[in-house]
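Thanks for coming. Please have a look at the chain on the screen, and then I will go through a few points.

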Amino acid sequence: VTHSIPACIGSMTINSKQLDNETPVSIFAVNKCYETVQDGTFFDGSGFAALVREGYKVRSDVNISLEFRTTAAHGVLLGVSSAKVDAIGLEIVHGKVLFHVNNGAGRVTATYEPRGTNSLCDGKWHKLQANKSKHHISLIIDGNLVHTDNPYIQSTSADTNNPIYLGGYPADVKQNCLTSKSSFRGCLRNLVLTKGQHTELFDFSRAFDLRGVFPHSCPGAEH
């Protein structure tokens, strides 16, 4: 076995002596245990998860769906970029969800702004779908559709070749379709990327780089 266990361990004794797990000699990627836990992956607001080390190719179409829960008004949700300008990005800025796409000719953004006092940063689960089909882009939040006109109709393919970054990205990594540098604080779950007939459900515990991210452990209440 080469991977860690997504679980809570307590009251461990060796030779009848209880181990002190409050003040360990060293600690790595170990979070608190919560009395009430929900399905989901907890992002503590300091880091990110990186998936698909060899690079994810968005190209002409992709449909992204995920659920998020946060009390913060800012935070990166997802970014896939290239060394040039082609990229896609999902982020929360001032309590709005922004879906950016650049197929090479310029960035286009679909923006969802909650109406009235409805907040996306209320600590409750919200369902997000972001769709790019050639030069068309749309965003569906909790069933509410937003789409935007794209003036660059000749440009249809986002030729990305970098990993998928969730909840943030390293300081030395360029993201051409994200404006925020704020790491996401809250929980994400059910990340699915669909291209044509191919649907892929991503398990955060399979990420090749995790910083400040705790798979399969979402506290039932904000701590």
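Is Ile9 buried or exposed? Ile9 is exposed, at a relative accessible area of 56%; the terms are buried for under 20%, exposed for over 50% and partly exposed in between, with a 1.4 Å probe and protein chains only.

Two remarks on the source. This is a predicted model, in which local features need pLDDT of at least 70 and side-chain atom pairs pLDDT 80 or more, while totals for chains, interfaces and linings use all residues. Residues are numbered from 1 along each chain as its sequence is written, and side-chain values use heavy atoms, with hydrogens and water left out.

E5 pairs antiparallel with E10, residues 126-133, over 8 bridges (pairing needs at least two DSSP bridges). Ser65 has Gln129 as its bridge partner in E10. E5 also runs antiparallel to E14, residues 185-195, joined by 7 bridges, and there Ile64 stands opposite Leu193.

Now the aromatic pairs, of which there are 4 (ring centres within 6.5 Å, the six-membered ring for Trp; planes under 30 degrees apart are stacked, over 60 edge-to-face, the rest tilted). The ring centres of Phe43 and Phe184 are 5.9 Å apart with planes at 75°, so this pair is edge-to-face. Phe43 is in strand E4 and Phe184 in the loop between E13 and E14, so the pair ties together parts 141 residues apart in sequence. Both residues, Phe43 and Phe184, are buried. With Phe204, Phe43 and Phe184 form one aromatic cluster.

Terms used. Helix = DSSP H or I, 4+ residues; strand = E, 2+ residues; numbered from the N terminus.
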